[in-house]
Amino acid sequence: MSRRAPRSRNTLRIARLLTCFLAASALVVGTVVPATAAAASVSAPSSAVAARTAADPAAAGIVKSSLAGFNAGNLISDVVFTNKSTMTEAQIQSFFNSKVARCLGGRDEDGKAIVCLKDFKITSVTRPADAYCSGYKGAANESAARIIYRVAQACNINPQVLIVMLQKEQGLITHTWPSAWRFNIALGQGCPDTAPCDPNYIGFFHQIYGAARQMQIYMEGKWFQWYAPGKTWNILYNPKASCGSSPVRVANKATSALYYYTPYQPNAAALRAGYGEGDGCSAYGNRNFYNYFTDWFGATKHTVSGAIAVAWNAQGGATGRYGQPTGDAVYVAANGGGYVQQFQKGTIWKPASSSHAYPMSTGAFRANYLAAGGEKGSWGWPTRDAECQLASSGCKMTFQKGTTYYSATTGSVLVPTAFAALYETLGAEASRFGYPTKAAIAGPDAGFEQTFQKGVIAYSPATRLVEVSGPFLTFWRAAGGVKSAYGYPKGAVLDVAANGGGQVQEYTKGKIWSSSAGAFGIRSGGMLTDYLAAGGEAGSWGWPTTAEKCGLSGGGCTMGFQKGTAAWSAGTGTVLMTASIAAEWTRYGGAARLGYPSSPATAVAANGGGTVQAFSKGKVYESAAGAFGIGSGAFLRGYEAAGGPQGAAWGWPTSVVDCTLAGGGCSMGFQKGVVAWSATTGSVLMKPKTAAEWVRYGGAARLGYPSGAATAVAANGGGTVQAFSKGKVYESAAGAFGIGSGAFLRGYEAAGGPQGAAWGWPTSVVDCTLAGGGCSMGFQKGVVAWSATTGSVLMKPKTAAEWVRYGGAARLGYPSGAATAVAANGGGTVQAFSKGKVYESAAGAFGIGSGAFLRGYEAAGGPQGAAWGWPTSVVDCTLAGGGCSMGFQKGVVAWSATTGSVLMPTGPILAEWRRLGGAASTLGYPSARPEVVGTVTSQRFQHGVMSYDTKTGKVTVK
């Protein structure tokens, strides 16, 4: 390219008159020009950011006296510059929040709302992928933190670089009252020193994306070569040529990119000033970049020295096998101590015990070493360089704790120092065992075991070398190998044909069996002794089918076998349980709650038959319904007192016992129902439907426990009533429904309960969530609604349905008395509510809420009157102007606040009014009753008169 690409201005560029005034005033009184007053970094040091916060180093009084580590030729390393993973979106947002505790808000000099960077949001723009960035999918309402994070990922730029550039260019990170224009030219991208800003770069998103992409273009070195890395360039101190320049050897691409963006270096005065102002020839852009970056995020580059540098340079240094350092050398105290330094393509270790450093390039060997804990782990520090070109193209390397062997197949595995020499005498990786595949495991009694490609060796002084293989190896390893409770293998595997066949191997502390069910072991002790006494794998238990589990309550053990599950304790010995009983025993809590089986299961023929097995703390009952346990105590005594599974009262259990009920009670399903127990009521049976309703209602917590057996009631179709300590449950053909103790139940019983002619049996659940704390419930004769004010009142079914449709208690209130019969106009009933009335006739049931409409209806005589008759439709109060209308036997009544309630008789006038749009038409609401003169019937409306002539059959509107 023939000219410098658009970039940030780095002369003092004040974009608004107010800011110019602030800057000029600051110069006159001798203070430092605020960095936020300048979009450039040449004449504006960053130590005086307008309205800066305490998070700003200068605001806290921290002004650097020197810039230790500043190197004009190496401002920042390529690795740091392009590390896009330094911050998450959340971390960026948190950083912004920490820099501005409170945004001052208000309006800027252009009248635009002031928004600080931490709160700034904008709609981003979709940008296509190219050679420099992977593209960007625009989105609405994206925060500055999100845009910076996403751009950093897309363009492979450290988000910290973009954050620092925002501060050095416009002071946006710490600014508490930034003008809107600052965001439009946030990074000065596309704003050269000598011309207006390119409109294509105006806007926060365009600034961030454009600057990040431009950095990649700079670093590519294709179009920009006058600050190319690896060469020395004369770089100006200031745009004024008279300020001079000095030669700078540019070390890397990142530094060259910063000089393309800001082509000035700080002079001695600028460097001496720290964050402050130097002299008339000072430029601050790249100085401020270094200041902010090191203060906020740490070093911009990393050094390599000593033995690590020797090893690094031997591998080609920065351009060699390991690339550039990604961090400084770090001291690690573990395993004798030493230094570790990370590079782009590997790591170099310098143990304190050696004058040499040992490199490891990125790859499987290094990955495995790090997975083993690296220098802090089981291998320790490396003590020799790697040796490669072993069998199968493998390598080995010596560490403090042994020698690690590597192959592409096995990865890196350490052979401990004590065993490495023996392994080498066998031929090491070239022996019949091949490479090690797993780390050696030390066991007790000076033994060990280690896995190799072609075998596993276990050793102890007592057993010597024994190879372990197949399912025995799998089980033994899973149990802990040489550290397991089985000890070391004593001899070869033996074949056994009985009970389907399998294999057995003896160990120093037990035995392991392998059959079609899998491999399982039994440790030396009571279980093994009893099993072997029963014939072992060839006996009545058969082969093991599950792992031995010991450490149970009281020190017992269990284990699955072909013929069941065996449980052992010192008190009971070993007793076999069927699979179902064993499963229930486990579910119930095993030995801790039911104890151990004290004898084999016994058969019981009654009630369909089953078996009962006694345990030291209860019993388990198994039938066609399943196996269910009951622990020793009052519930079990009550069951046995009722005859147990042999009895006609309860039958066999059909569900698990639940003793978590309110008040410490229990419940359990049986063939004949559900039994609930409490210390007060004892055990009482509930029929299935009654029990289901008890549970639905809230169980013992709300209805309490049944206080006696259900009693039969023949009236009203018949049913049963069961009393509970906190209410009753009524069961009939309609179902079972509970009512808790209280006013509602008292009202029901006062009305005769299920025996009475008034309400009959309940037909729905009680609902006590109504407005004002009331309740309602369906009965054979209707619906009863209750409130503290009205008590319990029955509504006929249609009236109740209309009450619900109208809005129930919330809109019509509660019924205040029974429905009254009215004979007039065909007859019907009227029921008063606290907020209105419901009228039920042959036309249906229709409610009218208290108010002007109801008053008008009653003034017209109500359903008894000749004027309107009974309602025939629901009231509609959605008419124009807030009016209402409702159908009656004699016509339609329309009401408005202006006209009141006026009847329009059924006929042509009403039909035409509706056709014209009703109350929304130009006629509005009817204002008077119809008048008949001769053959003409006329009715006045708010805005006209409508007439119907029976002679002509025509309707006219005036």
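Visitor: Let's start with α8. How many of its nine residues are buried?
Guide: Eight of the nine are buried, leaving α8 mostly covered. Buried means under 20% relative accessible area, exposed means over 50%, and partly exposed is in between, using a 1.4 Å probe and protein chains only. Keep in mind that this is a predicted model, where local features need pLDDT of at least 70, side-chain atom pairs count only at pLDDT 80 or more, and totals for chains, interfaces and linings use all residues. Residues are numbered from 1 along each chain as its sequence is written, and side-chain values use heavy atoms, with hydrogens and water left out.

Visitor: Good to know. Which residues in α8 are buried?
Guide: They are A254, T255, S256, A257, L258, Y259, Y260 and Y261. Helices (H or I, at least four residues) and strands (E, at least two) are DSSP runs, numbered from the N terminus.

Visitor: And what do the buried residues of α8 pack against?
Guide: They pack against α2, α5, α7, α10 and the strand β3 (232-236). Contact here means heavy atoms within 4.5 Å.

Visitor: Take α7, then. At what angle do the axes of α7 and α8 cross?
Guide: The angle is roughly 120°, and the axes come within 8 Å. Axes are lines fitted to C-alpha atoms, for helices over the stretch in contact, and angles run from 0 to 180 degrees between N-to-C directions. The cut-offs are under 35 degrees for roughly parallel, over 145 for roughly antiparallel, 65 to 115 for roughly perpendicular, and oblique for the rest.

Visitor: Which residues make that contact?
Guide: A211, M215, Y218 and M219 come from α7, while α8 brings K253, A254, A257, L258, Y260 and Y261. By class, nine are nonpolar, none is polar and one is charged. Ala, Val, Leu, Ile, Met, Phe, Trp, Tyr, Cys and Pro count as nonpolar, Asp, Glu, Lys and Arg as charged, and the others, Gly among them, as polar.

Visitor: Switching to α4 and α5: how far apart are their axes?
Guide: The axes of α4 (residues 144-155) and α5 (residues 159-170) lie 9 Å apart, at an angle of about 130°. The two helices are therefore oblique to each other.

Visitor: Which residues of α4 and α5 meet?
Guide: I148, V151 and A152 in α4 meet P159, L162 and L166 in α5. Six nonpolar residues make up this contact, with no polar and no charged ones.

Visitor: How many residues does the largest nonpolar core have?
Guide: It has 62, and F96, V151, L166 and F204 have the most contacts inside it. A nonpolar core is a set of buried Ala, Val, Leu, Ile, Met, Phe, Trp, Tyr and Cys residues joined through side-chain atoms within 4.5 Å. Among the elements that give two or more residues to this core are α4, α5 and α8. The largest share, 10 residues, comes from α7.

Visitor: What is F204 in contact with, beyond four places in sequence?
Guide: Its contacts there are L117, F120, I122, A144, I147, L166, F183, N184 and A186.

Visitor: Last two. Is S921 buried or exposed?
Guide: S921 counts as buried, at 12% relative accessibility. Its place is in the loop between α25 (908-916) and β45 (931-933), and it touches W913 and L916, not counting residues up to four places away in sequence.

Visitor: And where is Y339?
Guide: Y339 is in strand β6 (residues 338-343). With 42% relative accessibility, Y339 counts as partly exposed.
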